[in-house]
Amino acid sequence: MDPLFQQTHKQVHEIQSCMGRLETADKQSVHIENEIQASIDQIFSRLERLEILSSKEPPNKRQNARLRVDQLKYDVQHLQTALRNFQHRRHAREQQERQREELLSRTFTTNGTQKKILDIANMLGLSNTVMRLIEKRAFQDKYFMIGGMLLTCVVMFLVVQYLT
């Protein structure tokens, strides 16, 4: 039992060091994750064997052997959870990157939207004077928006300048 226990214990420490490498590896993380998962699966099979061997130990050593096996099992479960958390964070980060790329690839055009609104308004029978008032209001709203953004930037600059 002792050689198998020592071998398994050593492998647990190797996985812990691999988990440290996993945090710093970017593009190779999937490869390292697969290696870690394979090692964890191998350790679980060894732990089953160790449990059987610990039950065959002499009565005076049995309790200690079971405690050692249980401690290893706890450590491996902790590593398994850490790996799952890392995979979840990686997946969320990849999803955020995809969403960001999707948003950046979109083109936002207000001219097409404005034309559609005008076409709908014509279909509804709004007069040309009402249409010109709507266009004038949209033009004015654009300047209000730009002025508000500039004012906000100035206020933020002044707040940062005077409070720091």
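Helices α1 and α3 pack at an angle of about 20°, and their axes are 11 Å apart. Here axes are lines fitted to C-alpha atoms, for helices over the stretch in contact, and angles run from 0 to 180 degrees between N-to-C directions. Helices themselves are DSSP runs (H or I, at least four residues), numbered from the N terminus. The pair α1 and α3 is therefore roughly parallel, a label for angles under 35 degrees, while angles over 145 count as roughly antiparallel, 65 to 115 as roughly perpendicular and the rest as oblique.

Before going on, a word on the model. It is a predicted one, in which local features need pLDDT of at least 70 and side-chain atom pairs count only at pLDDT 80 or more, while totals for chains, interfaces and linings use all residues. Residues are numbered from 1 along each chain as its sequence is written, and side-chain values use heavy atoms, with hydrogens and water left out.

**How the helices cross**

| Helix pair | Angle | Axis separation |
|---|---|---|
| α1 and α3 | about 20° | 11 Å |
| α2 and α3 | about 160° | 10 Å |
| α1 and α2 | roughly 160° | within 10 Å |

With that angle, α2 and α3 are therefore roughly antiparallel to each other, and α1 and α2 are therefore roughly antiparallel as well. As for handedness, α1 passes α3 in a left-handed crossing, α1 passes α2 in a left-handed crossing, and the crossing of α2 and α3 is left-handed too. A crossing is called left-handed if the near helix is turned anticlockwise from the far one by less than a right angle, and right-handed if clockwise.

**What lies between them**

Which residues of α1 are buried? They are Leu4, Phe5, Thr8, Gln11, Val12, Ile15, Cys18, Met19 and Leu22. Buried means under 20% relative accessible area, exposed means over 50%, and partly exposed lies in between (1.4 Å probe, protein chains only). These buried α1 residues pack against α2 and α3.

In α3, the buried residues are Ala65, Val69, Leu72, Val76, Leu79, Gln80, Leu83, Phe86 and Arg90. Their packing partners are α1 (2–24) and α2 (29–55). If you want to look at the contact between α1 and α3 (heavy atoms within 4.5 Å), the α1 side includes Phe5, His9, Val12, Ile15 and Met19, and the α3 side includes Val69, Leu72, Val76, Leu79 and Phe86. An α-helix has 3.6 residues a turn, so residues three or four places apart point the same way.

**Helix lengths**

Helix α3 (residues 59–105) has 47 residues and reaches 69 Å from its first C-alpha to its last, close to the expected 69 Å. The expected span is 1.5 Å times one less than the number of residues.

**Individual residues along the chain**

Glu48 is found in helix α2 and is exposed, with a relative accessible area of 55%. Glu48 and Lys73 are 25 residues apart in sequence, and their C-alpha atoms are 9.5 Å apart in space.

Gln95 sits in helix α3 and counts as partly exposed at 35% relative accessibility. Its C-alpha atom is separated by 40 Å from that of Phe5, which is 90 residues away along the chain.

The domain assignment gives domain 1 (1–108) and domain 2 (119–163), with bounds that come from an automatic or database assignment. Taken over C-alpha atoms, the centres of domain 1 and domain 2 are separated by 56 Å. Leu158 has its place in helix α5 (residues 128–163) and is partly exposed, at 38% relative accessible area. Between the C-alpha atoms of Leu158 and Arg100, which lie 58 residues apart along the chain, the separation is 31 Å.

Note on methods. Helix = DSSP H or I, 4+ residues; strand = E, 2+ residues; numbered from the N terminus.
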